[in-house]
Amino acid sequence: MVHRVIIQVSDLDKVDGALVSCRNLLDDMPDAEVEVVFHQSAIEAVRRGTPREGSVMDLMSRGARIVACKNSMRTRNMGEEELIAGVSIVKAGVGEIVRRQAEGWIYLRL
């Protein structure tokens, strides 16, 4: 059985802990399908050139899908070109989370 996990990260102050938890999840369950949605103030963590870029890229290299909320980007005047390479964009982070839960994904808020 492959577990599918949708992870919500909305608070920039909690991003470092969330990244560690995501890494721990992938260490423990390497076959899990993981999607991490960054929105609200946490959107800054997926901006290219930040100290967290290496951690975000590591998660992507291990198969995690990293998603940025377009609404949060717009609020912060953040363009698509400012995102770390490989980060996907969805219209609304909360909408993505609801859709995944409706598909049976396990929900974590970190």
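Reader: What makes the span of helix α1 close to the expected one?

Author: Helix α1 (residues 15–28) has 14 residues and reaches 20 Å from its first C-alpha to its last, close to the 20 Å expected at 1.5 Å a residue. The expected span is 1.5 Å times one less than the number of residues. Helices (H or I, at least four residues) and strands (E, at least two) are DSSP runs, numbered from the N terminus. Keep in mind that this is a predicted model, where local features need pLDDT of at least 70, side-chain atom pairs count only at pLDDT 80 or more, and totals for chains, interfaces and linings use all residues. Residues are numbered from 1 along each chain as its sequence is written, and side-chain values use heavy atoms, leaving out hydrogens and water.

Reader: How do you know that the buried residues of α1 are on the same side?

Author: The buried ones are Val 15, Ala 18, Leu 19, Cys 22, Leu 25 and Leu 26. They cover an arc of only 120° around the axis, so they sit on the same side of α1; the arc is that of the directions from the helix axis to the C-beta atoms. They pack against β1, β2 and α2 (53–61), with contact meaning heavy atoms within 4.5 Å.

Reader: Why is Gln 8 called buried?

Author: Buried means under 20% relative accessible area, exposed over 50%, partly exposed in between (1.4 Å probe, protein chains only). Gln 8 has 7% relative accessibility, so it counts as buried. This residue lies in strand β1.

Reader: What makes the link between the side chains of Gln 8 and Tyr 107 a polar contact?

Author: That takes a pair of N or O atoms within 3.5 Å; within protein, one must be able to donate a hydrogen and the other to accept it, and residues adjacent in sequence count only if both atoms are side-chain atoms. The Gln 8 and Tyr 107 side chains make theirs at 2.3 Å.

Reader: How do you know that β3 and β4 pair?

Author: Two strands pair if DSSP finds at least two bridges between them. Three bridges join β3 (residues 65–69) to β4, and these strands run parallel. Ala 68, for one, has Ile 89 in β4 as its bridge partner.

Reader: And what about β2 and β3, how many bridges are there?

Author: Four, again in the parallel sense, with Val 36 opposite Ile 66 in β3.

Reader: Why do β4 and β5 stand at the edges?

Author: The open sheet of five strands has the order β4-β3-β2-β1-β5. β4 (88–90) and β5 (106–109) each have a single partner strand, so one side of each is left without a neighbour in the sheet.
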